[in-house]
Amino acid sequence: MHLRLISCFFIILNFMEYIGSQNASRGRRQRRMHPNVSQGCQGGCATCSDYNGCLSCKPRLFFVLERIGMKQIGVCLSSCPSGYYGTRYPDINKCTKCKADCDTCFNKNFCTKCKSGFYLHLGKCLDSCPEGLEANNHTMECVSIVHCEASEWSPWSPCMKKGKTCGFKRGTETRVRDILQHPSAKGNLCPPPSETRTCIVQRKKCSKGERGTYSLTQLFSLNPPNLIHISLYILWNIWPHSSCRTL
């Protein structure tokens with residue numbers, strides 16, 4: 001009876017030693033497969049290394065390698081940093097660097113902002129814009145060329161001389177037009193906004209006390225108001241009598 005108990009004791013002891021050796025061997029294999037792997041990771045890492053930083057990320061986070069001197073460290077971020085684009089895979093979400101001439105991008109084939117010296121056009125970064133487009137140095141994009149646009153001519157002004165409509169036979173009349181769209185750098189230039197021509201009228205003697213001039217109210221009532229005519233009115237009728245003339 002005692003001999004049987006002693007035999008059972010040694011059998012159990014040998015079995016426990018066998019299990020312990022198997023666990024130790026498994027631990028050594030895991031350490032060989034993942035050296036310096038830590039389970040107490042910070043900053044969104046699922047697994048990490050004391051030397052290499054994050055090795056994998058928690059769900060929905062992006063894995064990106066950051067260079068620190070000669071060393072690259074893995075980090076996990078909620079979104080990719082500027083200069084990278086994010087791609088989601090079944091086993092990992094990864095940040096990939098944009099092309100060398102691209103400052104920010106949507107994916108590897110579509111840039112959203114170019115680096116200095118390049119112009120953005122249809123997701124590409126170009127050193128010069130295609131034919132029919134011009135470079136906008138403010139937005140650094142290739143944009144359409146804008147040509148000047150002008151309105152139709154206004155009616156001719158009354159024939160005048162020195163602001164008067166009587167007391168002369170030969171005078172001048174003027175018409176104007178508005179600039180509706182100024183041109184871009186390579187666009188067609190704007191035409192002259194006004195033109196003047198000689199006019200001949202039947203001489204009419206100015207009556208006593210009549211200056212024969214248009215009033216400001218009459219000039220402003222023209223359609224459209226003629227700023228050139230108004231300026232001439234001020235020059236010929238108000239300026240000669242102004243005290244400012246002696247300054």
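How many aromatic pairs does the structure hold? The structure holds 0 such pairs, where rings of Phe, Tyr and Trp (its six-membered ring) would count as paired with centres within 6.5 Å. This is a predicted model, in which local features need pLDDT of at least 70, side-chain atom pairs count only at pLDDT 80 or more, and totals for chains, interfaces and linings use all residues. Residues are numbered from 1 along each chain as its sequence is written, and side-chain values use heavy atoms, with hydrogens and water left out.

**Confidence**

- The protein chain has an average pLDDT of 79, and 68% of the residues score at least 70; pLDDT is the predictor's confidence in each residue, from 0 to 100.
- Over residues 24-35 pLDDT stays under 50, and the model has 0 contacts beyond four places in sequence for them (contact means heavy atoms within 4.5 Å).
- Residues 238-247 also stay under 50 in pLDDT, and for this stretch the model has 7 contacts beyond four places in sequence.

**Disulfides**

- The count comes to 11 disulfides, a disulfide being a pair of cysteine sulfur atoms within 2.5 Å.
- One of them joins C102 to C111, with an S to S distance of 2.0 Å; this link is right-handed, with 105 degrees about the S-S bond.
- C102 is buried at a relative accessible area of 6%, and C111 is buried at 5% (buried means under 20% relative accessible area, exposed over 50%, and partly exposed in between, with a 1.4 Å probe and protein chains only).
- Another disulfide is formed by C114 and C125, whose sulfur atoms lie 2.1 Å apart; its handedness is left, with -95 degrees about the S-S bond.
- C148 is buried, with a relative accessible area of 16%, whereas C190 is partly exposed at 29%.

**Charges over rings**

- K71 lies over the face of Y51, at 4.1 Å from the ring centre; a charge sits over a ring if NZ of Lys or CZ of Arg is within 6 Å of the ring centre and within 35 degrees of the ring normal.
- R197 places its charged end over the ring of W156, 3.8 Å from the centre of that ring.

**Positive phi outside glycine**

- R60, which is not a glycine, has a positive phi of about 75 degrees.
- R60 is placed in the loop between β3 (53-57) and β4 (62-68), and R60 is exposed, with a relative accessible area of 64%.
- L122 likewise has a positive phi, near 55 degrees, in a residue other than glycine.
- The loop between β10 (119-121) and β11 holds L122, which counts as exposed at 69% relative accessibility.

How values were computed:
Rings of Phe, Tyr and Trp (its six-membered ring) pair if their centres lie within 6.5 Å; planes under 30 degrees apart count as stacked, over 60 as edge-to-face and the rest as tilted. Helices (H or I, at least four residues) and strands (E, at least two) are DSSP runs, numbered from the N terminus.
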